[in-house]
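Trainee: I want to learn how to read a model like this one. Where do we begin?

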Amino acid sequence: MSATLGALLRLVEPNWSITLIERLDGAAAESSDPWNNAGTGHSALCELNYTPQRPDGSIDTTKAIHVNEQFQVSRQFWAYAVENGVLPDVRSFLNPIPHVSFVQGAENIDYLRRRYEALVTNPLFASMEFIDDHDEFSRRLPLMAYQRDFSEPVALNWTQDGTDVDFGSLSRQLIAYVAEHGMTTMFGHEVRDLVKQRDGGWLVKVVNRRTGARRRIKAKFVFVGAGGGALPLLQKAGIPEVKGFGGFPVGGQFLRTNDPALTAAHKAKVYGLPPLGAPPMSVPHLDARVINRKSWLLFGPFAGWSPKFLKHGKITDLPFSVKPNNLASMIGVGLTEMGLLKYLIGQLLMSEADRVEALREFAPSARDSDWELDIAGQRVQVIRRKGRGGVLEFGTTVLSAADGSIAGLLGASPGASTAVPAMIEVMERCFSDRYQSWLPKLKEMVPSLGVELSKEPALFREVWAHGTKVLKLDQPASGLPSSSTEPAGTEHTPTAATG
């Protein structure tokens, strides 16, 4: 988010003074690092939690369309950035990988069919396929078909034009561009306090984590894009808008493998349904990933728990975030979110064998020895005041002061996939006196800005085709086999389904 905002501001205001303050010694080493997130270009193609079923059995597509519209904005900006030298290495951060929804059982298949019918008439989802044929399932997902007992029916919603995103590489390229064009970068520096000034700006108190040296930086505008660390910094700023907000940290873990036989047998991101009663963030998925131009498979997420708000944070993060103004919100969520508590306890009690057994729901032939555990990043779920208590939210929230002098980002998924529309929203909120003068440049970067592409199919086809070509999404993914032939069989890898 910070990298995206920096690039957008540099493109519309080439002469502004911009400073980046990062507490770690490298860029994007927390939530944006490819090992710390799922790498899904979240566009609601495969995420079933974005298409809930209403009480009357109809499918609510509102959130799915909204998330996809947001991703289209990011995709258009990335295409502009590639064309104009902002992102010089597109293949290091973006690769084409199908997005797939997977269900088992007659009732779930009926839901998936109705989901498909509700979405496929929308231009944004027109390429989606519904598949319930075992042979076709086996052809497209040989790893998932091998040793599967097809006596229980299965079905897929398959969308060929999904993406895998390395948000770490994307962030580093954006930061490099802004730094090359005059941004001051301060790595290994931690913001300890934010103090409002009489002139409306901010005094940012910073300490060098290596030497202990202290600095004070004056800024007319501050964006707090510190991942899980954003909430404590916004609290220190003391803005009224943050009152009542809390955060609950949940760690992420994935099983991973780079066994060539396994990665060759699974070339999609496949999302399932969350376990009964589990929160939306627990949706299991088996993902083809491209990280450092190498093929990987990741399965998860499995939840861990720590009071830290960052992977490299402090155990005091959670207790120190509890304030008089958010105590009721925190207690209210603690009393009402018993499903989350039960889910977390169950996850924490899982053994290595339990995790591989969960993987076998997707890949029946999975062997413990082929997979290792990756400790991913911390996600801080937003707790918002509601009535006298609080409610836990699983989306992405942008907070900004009424005078526009400071803004910050809270929340997780869809997160980074919607960075561009989220940061354009920050620009509109916080620079209202300049935003209209920026619009021509912003529309050059995002031709559909302000337009719902789902209602403008001709424009959608135009920007989609252009982006596909510029972003090389019509070419095979880096690190993945380009051939559609089935992989060579081994003791545990399929050449065709049996069942």
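Mentor: Begin with burial. Buried means under 20% relative accessible area, exposed means over 50%, and partly exposed is in between, with a 1.4 Å probe and protein chains only. By that scale R23 is buried, with a relative accessible area of 15%.

Trainee: What should I know about the model itself?

Mentor: It is a predicted model: local features need pLDDT of at least 70, side-chain atom pairs count only at pLDDT 80 or more, and totals for chains, interfaces and linings use all residues. Residues are numbered from 1 along each chain as its sequence is written, and side-chain values use heavy atoms, with hydrogens and water left out.

Trainee: Which residue meets R23 in a salt bridge?

Mentor: The general idea comes before the case. A salt bridge is a side-chain nitrogen of Lys or Arg within 4 Å of a carboxyl oxygen of Asp or Glu. R23 meets E190, at 3.9 Å from N to O. R23 lies in the loop between β1 and α2 and E190 in strand β8 (residues 189–196), so the pair ties together parts that are 167 residues apart in sequence. Helices (H or I, at least four residues) and strands (E, at least two) are DSSP runs, numbered from the N terminus. E190 is buried too, with a relative accessible area of 13%.

Trainee: Which residues are linked with R23 and E190 in a network of salt bridges?

Mentor: R192, R209 and K314 are linked with them in that network.

Trainee: How many salt bridges does the structure hold?

Mentor: The structure holds 25. One of them joins the side chains of R434 and E13, at 3.1 Å from N to O. R434 lies in helix α14 and E13 in the loop between α1 and β1 (19–22), so this pair ties together parts that are 421 residues apart in sequence. R434 is partly exposed at 34% relative accessibility. E13 is buried at 14%.

Trainee: Is K455 buried or exposed?

Mentor: K455 is exposed, at 60% relative accessibility. Its salt bridge is with E452, where the closest N and O atoms are 3.6 Å apart. E452 is partly exposed, at 43%.

Trainee: How do I read aromatic pairs?

Mentor: Rings of Phe, Tyr and Trp (its six-membered ring) pair if their centres lie within 6.5 Å; planes under 30 degrees apart count as stacked, over 60 as edge-to-face and the rest as tilted. The structure holds 15 aromatic pairs. W16 and F431 form a tilted one, 5.4 Å centre to centre with 45° between the planes. W16 lies in the loop between α1 and β1 and F431 in the loop between α13 and α14, so the pair ties together parts that are 415 residues apart in sequence. W16 is partly exposed, with a relative accessible area of 25%. F431 is buried, at 8%.

Trainee: What about F137 and F150?

Mentor: That pair is edge-to-face: 5.7 Å centre to centre, 85° between the planes. F137 lies in helix α4 (residues 134–140) and F150 in the loop between α5 (142–145) and β5 (154–159), so the pair ties together parts that are 13 residues apart in sequence. F137 and F150 are buried. Ring pairs also link F137 and F150 into a cluster with F102, F299, F302 and F362.

Trainee: Which residues have the most contacts inside the largest nonpolar core?

Mentor: First, the term. A nonpolar core is a set of buried Ala, Val, Leu, Ile, Met, Phe, Trp, Tyr and Cys residues joined through side-chain atoms within 4.5 Å. The largest has 56 residues, and F77 and W78 have the most contacts inside it. Elements that give two or more residues to this core include α2 (62–83), α6 (167–180) and α13 (419–430). Another core lies apart from it, with 35 residues, among them V222, L344, L392 and L399.

Trainee: Which residues does W78 contact?

Mentor: Contact means heavy atoms within 4.5 Å. Leaving aside neighbours within four places in sequence, W78 is in contact with residues including F71, L87, F93, V165, V420 and L471.

Trainee: How many residues of helix α7 are buried?

Mentor: Helix α7 (residues 230–237) has six of its eight residues buried. They are A230, L231, L233, L234, Q235 and A237. Just after α7, G238 takes a positive phi of about 75°.
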